[in-house]
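The structure is shown first.

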Amino acid sequence: MCGIVGYVGNQPAAPLLLTGLASLEYRGYDSAGIALLDAEDRIVVWKAAGKLNSLVESMKAALPQGTVGIGHTRWATHGIPNDVNAHPHLDCSQKVVIVHNGIVENYQELKDELLGQGHRFNSETDSEVIVHLIESSLKSGAELTDAVGSAAVRLRGASAVVAMAVQEPNVIAAFRMGNAGGITIGYADEGMLVASDLPAVLPHTNRVVFLAPGELVRIDHNGASYRSVDGTPVHQEPHAIAIDPGAATKGEYEHFMLKEIMEQPEAVTRTIGGRVLFDPADVMLEGIGLTTEELAQVDRVVLIGMGTSWQAAQAGRYMMESLTGLPAEADNASEFRYRDALLGPRTLLVSVAQSGETADTLGAMEEAARRGVKQVTICNAEGSQATRIADGTVFIRVGPEISVASTKALTGSIVGLYLLAAYIGRERGVLEGGRLASALDDLVKIPRLMGEALEQREWIEELAGLYYKYDHFLFLGRGMTTSTAMEGALKLKEVSYIHAEGYAAGEMKHGPIALIDKSMPDVAIAPRNYLHGKMMNNIEEVRARGGTIIAVVTHGDETLRGKVDHIIEIPETPPLLTPAVAVVPLQLLAYYIALRRGCDVDHPRNLAKTVTVE
Ligand code: AGP
């Protein structure tokens, strides 16, 4: 969601802020702005609705000078996306300025109070109350950091805020309350940075600190000091992040989505790398946070996630049941959080969250932590809040995923879940008699098999040319591939705005079958496995009603040729890992259909990469 960048240093701040905001575009936004301190120590603000280009255009006449500034890309919650509601927001005296990510739940109450004190509001945003709260404290003689801390403790809900004021011209203060996205502090040679995410920091430095909820940072040219929002000093040391900034560029590809689809074999190789041994068979997961005794106590696994990560969790359920022998269930984190879920002392919660900052998932994790439930998270983001809440983390190590539509993070998460299931199975003594060796043997084939699935790219591009004008699609899967069908439908909706449904094929005749006719193509995932015969029956049911069918089948399986309209082949894949391979052609289909329809593939409308509000 909203992106934040701040800079104090010896370089012109405007270009640095704009480049930083561009690197955060993937988070999703609808307006953008920056504020700088000029040579006379006045705050100057530029903001514009729409994409960053509109902001850059508006600034062309006179690129502002100054080496201290803050910038923001806004994803609207309160107030429409227009120039006025765009951040940064100034106080009444134009001497304090803030940018904000999150929701101030008690903003109306605070606004009434501030209006009563004579403050004047410009925007319809909840965020503006924050700058007026800071203004009030500064007027009563507080230093910037204390004023920002006092504002933080008045806010209900989750927020990340960055502020500066003319009173202390070379200082930026920032805080994080709850789970409204991260605040990362970067220690660069040319100055100090603060940002919502690593891509804005990594081009300048890999030495970073991540703020924990309730922490506040003050940065100036010389470094940073940390405290809690209520004033208790906090010790933080920068540590080096091992991420290649080049990973966040498109390289030879037109879009990040295509690049991230194509690099999946390499990405999941990193997920697996250094974690499996064959002689003797072994699986090693560093940082799992649970002892053999604790894992022996587990009697049930609950997997949660949102969107694509929820589809990974559903695939993970099968892996847990098969490789650990434990009963497992998968739930959408936002639903799980608010029902009275039965969590016992022996339940293991496994959350999937590539960003580690999804508010719904974090809320569910916090609820489980309150109830003393042991947790492992499958995550791509070092230092993220999910990794702090969980007892242990399986990092999927797929590199930054920039496209809003998740692709390599899904397959990395599926592989991460498989590694976790194999690890738990080994720890619990379930994978005896060569079962661990065989499970790992299956796993290490996956990068190659994904590479083979990607060889269908040109054919799928051709198919997209035949199907891009349809307005409705049905995706059908069975068993392990039901979540793949749901993911295929989600991907198509997200990037091409086509209505699509993903269903368990057995469910089709209980309702969706009424929709079947020539105008709604059915994508049937029918790999050769123990459910192949059942899937064939469902395909026949669609055929009998004149439906158009694209079947995803195992290479060499001729049983459907001539019976369906088009065939996409995937290689023979170990059943439990089929979701990691069968999803590849569906990702490509969504991408090429969206391209044909002229959609903004990497930045679909209304979507945010990291959903930091409920
Ligand atoms: C997938 O394409 C979406 N961008 C979305 O569903 C995403 O997977 C979801 O918001 C969860 O994100 P997370 O993995 O960062 O928690």
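## Salt bridges

A search of the whole structure finds 32 salt bridges, each defined as a side-chain nitrogen of Lys or Arg within 4 Å of a carboxyl oxygen of Asp or Glu. The model is predicted, so local features need pLDDT of at least 70 and side-chain atom pairs count only at pLDDT 80 or more, whereas totals for chains, interfaces and linings use all residues. Residues are numbered from 1 along each chain as its sequence is written, and side-chain values use heavy atoms, with hydrogens and water left out.

R227 is buried at 13% relative accessibility, and D146 is partly exposed at 37% (buried: under 20% relative accessible area; exposed: over 50%; partly exposed: in between; 1.4 Å probe, protein chains only).

## Bridges of E540

E540 forms a salt bridge with R543, with the closest N and O atoms 3.3 Å apart. Both belong to helix α19 and are about one helical turn apart because 3 residues separate them. E540 also forms a salt bridge with K563, at 3.6 Å; K563 lies in the loop between β26 and β27.

## Helix α17

Helix α17 (residues 482-496) has 15 residues, of which 12 are buried. Helices (H or I, at least four residues) and strands (E, at least two) are DSSP runs, numbered from the N terminus. Y497, which follows α17, has a positive phi near 60°.

Definitions and conventions
Expected span 1.5 Å × (residues − 1).
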